[in-house]
Amino acid sequence: MRIGAHVDPADPLAEAAARGAEAVQFFLTDPQSFKNPEPRDDAERLRASDVDVFIHAPYRLNLASTNNRIRIPSRKLLMTHAVAAAAIGAKGLIVHGGHVEGGDLDAGFTNWKKAFEYAEKDGGFPLPILIENTAGGDNACARRFDNLARLWDAVGSFGAGFCLDTCHAFAGGEDLVGVVDRVKAITGRIDLIHANDSKGGFDSGQDRHDNLGNGKIDPELVVAAIRASGAPAVVETPGGVEGQRADIALLRERSGA
């Protein structure tokens with residue numbers, strides 16, 4: 001099991017070394033924009049490194065949206081980020097499950113399916129698309145696991161991957177005891193763990209990450225999720241190098257990684 005952190009994109013490998021990380025996750029552009037990523041000068045170094053690289057898609061993407069001005073740019077940008085992520089040897093592109101304006105979740109699941117269908121027309125995505133569960137929203141496609149099952153009915157046959165965020169699951173109202181088994185019963189896989197504590201309480205809907213042991217989640221539940229999944233883990237926690245290095249050390253020690 002490889003454990004790492006979400007880091008600043010300027011020099012991800014230096015950030016990994018500073019944290020003792022075996023994996024890194026970062027954005028290729030401003031996460032609040034619809035900008036296309038630029039080629040990276042360190043692409044060859046990233047491809048040659050033994051550090052696992054994951055890319056997080058911009059937060060602005062909402063593949064489930066019924067608004068054409070959001071959904072269509074999101075669909076196009078997902079492909080451009082996938083191509084750019086593949087070019088640096090990334091193992092997956094993480095994208096949030098999204099939500100539906102107005103509450104018609106069936107439309108959201110259909111729109112997710114269309115995103116994969118359009119990609120298939122162009123030869124498919126060049127790396128795994130890892131859909132992440134989210135913490136809030138009454139009309140979210142991947143907050144509650146019953147809705148996650150409906151989403152997987154729409155996209156599972158296209159080879160979609162899954163990223164389990166422990167903070168999002170807890171704040172979204174899903175018990176972390178046995179969470180890996182429940183997710184795998186739906187998706188058949190977990191490709192990455194976002195190992196985060198939660199500032200918000202259970203079912204609060206608050207997407208507020210905390211350092212392990214400082215929030216509302218028993219760290220042993222996060223460790224148990226990593227062990228059960230066998231997937232790499234990334235902390236998206238505050239505190240910069242020192243805070244994340246401490247979280248990585250805790251996970252590594254308690255998980256036996």
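A search of the whole structure turns up 13 salt bridges. By salt bridge I mean a side-chain nitrogen of Lys or Arg within 4 Å of a carboxyl oxygen of Asp or Glu. Two notes on the source. This is a predicted model, where local features need pLDDT of at least 70, side-chain atom pairs count only at pLDDT 80 or more, and totals for chains, interfaces and linings use all residues. Residues are numbered from 1 along each chain as its sequence is written, and side-chain values use heavy atoms, with hydrogens and water left out.

Start with aspartate 203. Its side chain meets that of arginine 144 in a salt bridge, 3.1 Å from N to O. What does the pair tie together? Aspartate 203 sits in the loop between β8 (197–198) and β9 (209–210), and arginine 144 in the loop between β5 (129–132) and α5 (145–155), so the bridge ties together parts 59 residues apart in sequence. Helices here are DSSP runs of H or I, at least four residues; strands are runs of E, at least two; both are numbered from the N terminus.

Buried or exposed? Aspartate 203 is partly exposed, at 34% relative accessible area. Arginine 144 is partly exposed too, at 30%. The cut-offs: buried is under 20% relative accessible area, exposed is over 50%, partly exposed is in between, with a 1.4 Å probe and protein chains only. There is also a network: salt bridges link Arg143, Arg144 and Asp203.

Next pair. Arginine 189 bridges to aspartate 191, with the closest N and O atoms 2.8 Å apart. Arginine 189 is partly exposed, at 27%.

Now helix α9, residues 240–255. Arginine 245 and glutamate 242 both lie in it, 3 residues apart, about one turn of the helix. Their side chains form a salt bridge, 2.5 Å from N to O. Arginine 245 is partly exposed at 34%. Glutamate 242 is exposed at 53%.

Last item: α9 has a partner. The axes of α8 (residues 219–229) and α9 come within 10 Å and cross at roughly 65°. Axes are lines fitted to C-alpha atoms, for helices over the stretch in contact; angles run from 0 to 180 degrees between N-to-C directions. Which residues make the contact? From α8, Pro219, Glu220, Val222, Val223, Ile226 and Arg227; from α9, Leu250, Leu251, Arg254 and Ser255. Contact means heavy atoms within 4.5 Å.
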